[in-house]
2 protein chains.
Amino acid sequence: MTQPSQKALVPFVSVDHMMQLIHHIGIAPMLQGICDRIEQDFHRWPLFDKTPRVASHSDVGVIELMPTSDGDVYGFKYVNGHPDNTKDGLQTVTAFGLLSDVATGYPVLFSEMTILTALRTAATSALAAKILAPKGSEVMAMIGNGAQSEFQSLAMQAILGLKEVRLYDVDPAATAKCARNLEGTGLRVVSCATAEEAILGAQIITTCTADKQYATILTDNMVGAGVHINAIGGDCPGKTELAPAILHRSEIFVEYPEQTRIEGEIQQLDDDHPVTELWEVITGAAQGRKDDKQITLFDSVGFAIEDFSALCYVRDAIKDTSFFTPLDMLADPDDPRDLFGMVSRAK
Amino acid sequence: MTQPSQKALVPFVSVDHMMQLIHHIGIAPMLQGICDRIEQDFHRWPLFDKTPRVASHSDVGVIELMPTSDGDVYGFKYVNGHPDNTKDGLQTVTAFGLLSDVATGYPVLFSEMTILTALRTAATSALAAKILAPKGSEVMAMIGNGAQSEFQSLAMQAILGLKEVRLYDVDPAATAKCARNLEGTGLRVVSCATAEEAILGAQIITTCTADKQYATILTDNMVGAGVHINAIGGDCPGKTELAPAILHRSEIFVEYPEQTRIEGEIQQLDDDHPVTELWEVITGAAQGRKDDKQITLFDSVGFAIEDFSALCYVRDAIKDTSFFTPLDMLADPDDPRDLFGMVSRAK
């Protein structure tokens, strides 16, 4: 076997390495670190190459590529969404991602992103809530207790100081699973029998369900004045969670309008319905919450820059650790023009 | 360390594995096999999802994603193009690719593609020449003796029965390298001091140079009647190799017009200049070479379906071999909704 040079080796963070990295750093500091990184990148939002995700749809799901670049570093994520996968014991969403050097095109990080996407989605939700939720929010309703629910709860605890999470899911087993996983985290966990019960006293309502269809997880009369809604589950054409009347009562904040109008809750509204971009609130160019009575809605679908931020966090975090494997994925002949010679000599 | 399930493991073909696979199969049979696979996929061309590549340009190069799908299998390639890289001892082009199952979105193959792209590009050139070059073509001029040149020569030998290759490069060291690499392959190799000398008696002229600028590798008076031109090097906006007068004398064949009009030689022509799609010649829907005097030109820029075909070939070829490593790149909790539990238990 020929020995590839350092340039040809790309650090690979496997699922196992990612889990070890989380335990090494601690999940709360890691959520905080990713959140900080996303906030920094949202500050320099105009600098990024932005494009709606490149989607390949089929009857049963979607496979997407989400590229972006800040001019120095290029990143992309591969992610699928297959709601029926769980029937066969598979994940609805799996993902991996890559960073590379814009100056050379050479990859510098290849990483699992199934777990990392859960972290960055939760960190983004917490960032939006930090800016938009009523001051001193301590109680969150968590509607939909699937794979995202614990990460959402812990991010709100780490970044906002959330004290109580009120769980509801159509499937009580999901709620039991989430409650069990949150034991010992310091959060007060209340398992609820109905969505109405879950939102009692909550300043933040997070919806995160998975059906690929127009659903009404929240009806208009369930939502009182002054709450912040964190709508995660509506994230592809035809998949929404909120009654349109709620949208009309809310001030709506989005990541990237071009994408959210196709995939988010606001696909139920006219194309020119006013929305505010979250990055503009972060830079101070736009106003966030105006008063205590306002309903703020973060219509989150996930954007490539958040994945970029999370990958940059991991790239920096694995330095001087053993939480990666060098992967021989780039051919690197001594003479760049002599690719064939390299192949021949490998015999 | 937790043990990932089989579903979570993706076969990874490293650079070293790819080189071993080539020597295991033999480069000629492998080029033939990839060529056959491309021909089969071109036969069912209309069935594929097609989109121009998703490019991220910078001052010094480009990073591209090239996705496609046949409805059952999804594939994409990451590829960069950085002409100045060789100055720093790096490859101009590096690539990797992935196949996944459309039904579940789960990846089924992850592979290096720097070497594989060289093979598929050569196999595509040979496929086009098999259809378009004059019957009994035995002599090829190879102008540009860089990383692609040996692969091009060997594919023409394996698939067309080429007997002689006449080499020319502005850098004699590149020609010497190519000649040395082709020793013992059975090809008669003639190193030439000028492009004019190289094309003497050649029925096929292949141009494959790397400068990112409008260049004139072939002038009008160099090209006689009845030849087949295989133009490989013109493959991005601003990068062409042929004098426009040659294009006007040629019958032009392309892969995917939407992409070739942006990236190929025909970016020098009007947008409505007639071209024939190669797949239509393969299915019989369009005519190929009409007579012995005609100049045929394959304006090749490389298309996602060719990468898809090459990846499918590799997916099948590594079965029951040791030329891959299982990569732990997909999180696969026992209960798909319990991603957090999997992370917790990994502690």
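This note concerns the interface between chain A and chain B in a predicted model.

1. Basis. Local features require pLDDT of at least 70 and side-chain atom pairs pLDDT 80 or more, whereas totals for chains, interfaces and linings use all residues. Residues are numbered from 1 along each chain as its sequence is written, chains are lettered from A in the order in which they are written, and side-chain values use heavy atoms, without hydrogens and water.

2. Extent. In chain B, 76 residues are in contact with 76 residues of chain A (heavy atoms within 4.5 Å). The two chains bury about 6,700 Å² between them, with 68% of it on carbon and sulfur atoms; buried area is the accessible area (1.4 Å probe) lost on putting the two parts together, summed over both. His23(B), Arg337(B) and Phe340(B) supply 11% of the area that chain B buries against chain A, more than any other three residues.

3. Salt bridges. Two salt bridges are counted between chain B and chain A (a side-chain nitrogen of Lys or Arg within 4 Å of a carboxyl oxygen of Asp or Glu). Arg337(A) forms one with Asp171(B), the closest N and O atoms being 2.7 Å apart.

4. Contributing elements. Helix α11 (residues 339-345) of chain B provides six residues, the largest share of the side of chain B that touches chain A; helices are DSSP runs (H or I, at least four residues), numbered from the N terminus.

5. Symmetry. A rotation of 180° with 0.0 Å of shift along its axis superposes chain B on chain A (RMSD 0.0 Å), by least squares on C-alpha atoms of residues with pLDDT of at least 70 in both. This is the relation of a two-fold axis. The same surface serves both copies, since 100% of the contact residues of chain B recur in chain A.

Notes. Helices (H or I, at least four residues) and strands (E, at least two) are DSSP runs, numbered from the N terminus.
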